[in-house]
Amino acid sequence: MKKPQTVDEYISSFPADVQILLQSVRTTIKKAAPDAEELVSYSVPAYRLKGMLVWFAGHTNHVGFYPRPSAKEAFNKELAMYKGAKGSVQFPYDKKIPLALIAKIVKFRVNENLEKAAIKKK
């Protein structure tokens with residue numbers, strides 16, 4: 001498969017049932033960060049606002065969500081039931097994707113980036 005140039009292209013490369021899940025994650029992120037730029041970074045969907053916010057990706061058995069280690073740490077309790085690593089979380093396809101939690105994490109990342117940008121500006 002060639003590298004996707006757009007998020008639509010990326011999502012359309014998955015089976016229909018996975019496309020629905022990926023599209024719901026995409027919609028949730030866009031609603032939580034309406035001013036963020038949508039792009040493809042590291043060959044997966046990504047969002048940028050005063051720096052990178054989050055990434056997400058489809059995998060064999062889960063949606064990977066990559067909100068940076070600071071967000072993973074801030075939401076450690078809510079994310080405890082999911083597999084993941086320092087800056088990533090795995091949401092299994094066979095369980096309901098926690099869209100409200102994703103929205104909270106994205107808003108956290110927006111605030112984090114805006115605060116950093118304001119400090120840098122001073």
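In which helix is I20 found? I20 belongs to helix α2, where helices (H or I, at least four residues) and strands (E, at least two) are DSSP runs numbered from the N terminus. Before we go on, a word on the ground rules: this is a predicted model, in which local features need pLDDT of at least 70 and side-chain atom pairs count only at pLDDT 80 or more, while totals for chains, interfaces and linings use all residues. Residues are numbered from 1 along each chain as its sequence is written, and side-chain values use heavy atoms, with hydrogens and water left out.

Back to I20. With a relative accessibility of 60%, I20 counts as exposed; here exposed means over 50% relative accessible area, buried means under 20%, and partly exposed lies in between (1.4 Å probe, protein chains only). From I20 to K30 there are 10 residues in sequence and 15 Å in space, C-alpha to C-alpha. T28, also in helix α2, is buried, with a relative accessible area of 12%. Leaving aside neighbours within four places in sequence, T28 is in contact (heavy atoms within 4.5 Å) with L99, I102 and A103.

Those partners lead us to helix α5. S24, V25, T28, I29 and A32 in α2 meet L99, I102, A103, V106 and K107 in α5. The axes of α2 and α5 come within 9 Å and cross at roughly 40°; axes are lines fitted to C-alpha atoms, for helices over the stretch in contact, and angles run from 0 to 180 degrees between N-to-C directions. The two helices α2 and α5 are therefore oblique to each other, since angles under 35 degrees count as roughly parallel, over 145 as roughly antiparallel, 65 to 115 as roughly perpendicular and the rest as oblique. The crossing of α2 and α5 is right-handed, that is, the near helix is turned clockwise from the far one by less than a right angle, with anticlockwise being left-handed.

Let us stay with α5 for a moment. Helix α5 has 23 residues and spans 33 Å from its first C-alpha to its last, close to the 33 Å expected at 1.5 Å a residue; the expected span is 1.5 Å times one less than the number of residues. Its buried residues are L101, I102, A103, I105, V106, R109, V110, E112 and N113. The cover over the buried residues of α5 includes the helices α2, α3 and α4 as well as the strands β3, β4 and β6.

What is the relative accessible area of R109? R109, in helix α5, has 2% and is buried. The side chain of R109 makes a polar contact with the side chain of E112 at 2.3 Å. Such a contact is a pair of N or O atoms within 3.5 Å; within protein, one must be able to donate a hydrogen and the other to accept it, and residues adjacent in sequence count only if both atoms are side-chain atoms. Not counting residues up to four places away in sequence, R109 touches M52, L53, V54, P67, R68, S70 and A71.

Two of these neighbours deserve a visit. V54 sits in strand β3 and is buried at 0% relative accessibility. Beyond four places in sequence, the residues that V54 touches include I29, Y66, V106 and R109. The C-alpha atoms of V54 and S88 are 34 residues apart along the chain and separated by 9.8 Å. R68 lies in the loop between β4 and α3 and is partly exposed at 34%. Its phi is near 85°, a positive value in a residue other than glycine.

Another positive phi, of about 55°, turns up at K50, which is not a glycine. K50 is in the loop between β2 and β3 and is exposed, with a relative accessible area of 59%.

Our last stop is H59, in the loop between β3 and β4. At 33% relative accessibility, H59 counts as partly exposed. The side chain of H59 makes a polar contact with the side chain of Y66 at 2.8 Å. Leaving aside neighbours within four places in sequence, H59 is in contact with F14, G64, Y66 and Y93.
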